[in-house]
Amino acid sequence: MSGSMQDRVWDVVVIGGGNAALVSAMSARDEGAQVLVLERSDRLFRGGNSRHTRNIRCVHGDGSDWNTGAYAQEELWKDLCSVGTGPSNPELAMLTVEASRSVPDWMVAHGARFQRPLAGTLHLGRTNTFFLGGGKALLNSYYRTAEARGIHVLYEARVTELEFQGTRCVALRVDRADGEQVIKARSFVMASGGFEANIDWLRRYWGDAALNYLIRGPRTNDGTVLAALLASGAATAGDERGFHSVAVDARSPRFDGGIATRVDSIPFGVVLNNRAERFYDEGEDIWPKRYAIWGRNIAMQPDQIAYAFWDSQVQGRFLPPMYGSFSAPTIAGVADQLGIDGTAAEATITAFNRCVSPDARERVDPAGLDGVSAAATPPKSNWALPIDTAPFYGIPLRPGITFTYLGVKVDASARVQRADGAPFDNVFAAGEIMSGNILSTGYMAGFGMTIGTVWGRIAGRKAARNGRD
């Protein structure tokens with residue numbers, strides 16, 4: 001960093017380099033602020049978890065070119081209330097839902113490009129809007145917009161310390177390859193994500209089970225800035241054990257496997273633990289509302305591992321596993337390859353098959369809730385098909401953690417609150433670091449990007465205006 005950049009006092013400094021950070025930076029710049037973004041990663045891997053996203057969930061009417069139909073505010077609110085234990089803070093959650101209506105147009109104005117709605121078994125074409133080229137393409141567009149608008153970005157800039165004078169943050173200490181630097185600003189936006197890549201932090205709440213978790217995003221999401229905020233007196237929001245977690249292929253890398261490691265086979269078969277027992281309803285709800293419970297489901301099983309089984313009748317109805325499937329002429333043969341008791345697995349699936357309706361294959365509808373159920377233990381509420389046609393398939397599953405919910409408490413202006421009840425004068429937050437104000441224990445597809453964009457706009461705008469209003 002040049003001496004001139006270090007010596008100056010910025011209007012707004014944004015910590016982070018993903019969607020929430022870039023939205024904050026561009027919103028602050030739209031207000032005329034001189035903005036600096038500190039991205040911990042290098043240029044190639046910039047963007048944190050946002051690199052692995054595909055879509056966003058927003059209120060919209062019938063006129064959208066990117067969706068198959070309208071998604072009313074009342075419906076989005078109902079969907080949010082139906083996942084987990086509902087919103088953590090109903091007031092801030094409703095603000096998020098209401099503000100989402102204007103998000104797509106704002107995104108397009110700042111460089112985003114969307115694609116026509118997708119069809120298939122993900123059930124997202126109506127409710128969610130997909131980025132053309134995915135999250136990486138979205139970020140690249142945002143970075144180009146930010147550069148064109150005069151926003152400065154420093155890569156490989158790790159914030160290690162926040163310096164406060166009373167309730168006001170006056171500077172940051174930043175580690176870079178050329179040594180430690182001190183960055184000063186009038187206002188700061190914290191958009192650096194959660195602590196999911198900090199396994200020791202996860203172990204505080206989950207014990208040694210956390211050693212078996214896979215982290216879908218980068219290893220740099222270790223909560224360094226969140227820890228510094230909490231040490232400086234910030235109040236917390238969100239469940240300490242709360243996280244967005246899905247079932248991923250157990251053969252995935254420990255960090256940064258991304259969306260490609262997710263498993264889509266669960267509704268079309270059964271899932272067993274390492275005792276060859278079914279433990280949850282695989283057909284509970286449609287994919288966008290239900291998929292995010294499976295990481296936690298598996299996290300609660302012995303050794304935090306499970307195994308998905310299906311047969312040749314449904315092979316090809318879902319995205320194939322990234323690392324391929326184990327296959328054999330018998331269920332026991334697949335189970336043996338997976339490393340669990342083949343005889344027990346075959347007995348469990350045979351018992352499940354006896355509970356399936358004889359006309360299930362004629363009535364099943366992969367495109368929606370079909371009521372084709374099996375009165376097994378536990379029951380399967382929809383898409384209950386017999387697993388009886390060779391060859392058979394299976395893969396091992398682990399919890400794949402996307403982001404944690406425990407973060408800093410904010411008000412409706414995105415201002416970070418202190419544990420003593422007073423707000424910080426000039427510290428704001430957006431994205432995953434404050435998602436616990438909105439989310440409790442559940443999740444629905446695309447809503448993390450909604451939180452990041454809605455609160456990034458608020459945080460950037462308020463940070464730029466701070467001291468001027």
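1. Two strands count as paired if DSSP finds at least two bridges between them, where strands (E, at least two residues) and helices (H or I, at least four) are DSSP runs numbered from the N terminus. On that basis, strand β12 (residues 270-273) is joined to β13 by 4 bridges, and the two run antiparallel; Asn-273 has Ala-306 of β13 as its bridge partner.

2. This is a predicted model, in which local features need pLDDT of at least 70 and side-chain atom pairs count only at pLDDT 80 or more, while totals for chains, interfaces and linings use all residues. Residues are numbered from 1 along each chain as its sequence is written, and side-chain values use heavy atoms, with hydrogens and water left out.

3. Strand β13 (residues 306-311) also pairs with β15 (residues 392-404), again antiparallel, through 6 bridges, and the partner of Ala-308 in β15 is Ile-395. In a regular strand the side chains alternate between the two faces of the sheet. Both faces of β13 are covered, with Ala-306, Ala-308 and Trp-310 buried on one side and Tyr-307, Phe-309 and Asp-311 buried on the other; buried means under 20% relative accessible area (1.4 Å probe, protein chains only).

4. Helix α2 (residues 19-30) spans 16 Å from its first C-alpha to its last, close to the 16 Å expected at 1.5 Å a residue, the expected span being 1.5 Å times one less than the number of residues. After α2 comes Gly-32, which has a positive phi near 95°.

5. Of the 12 residues in α2, 10 are buried, among them Leu-22, Val-23 and Met-26. The buried residues of α2 pack against several elements, including β1 (9-15), α6 (134-148) and α14 (447-465).

Definitions and conventions. Buried means under 20% relative accessible area, exposed over 50%, partly exposed in between (1.4 Å probe, protein chains only). Contact means heavy atoms within 4.5 Å.
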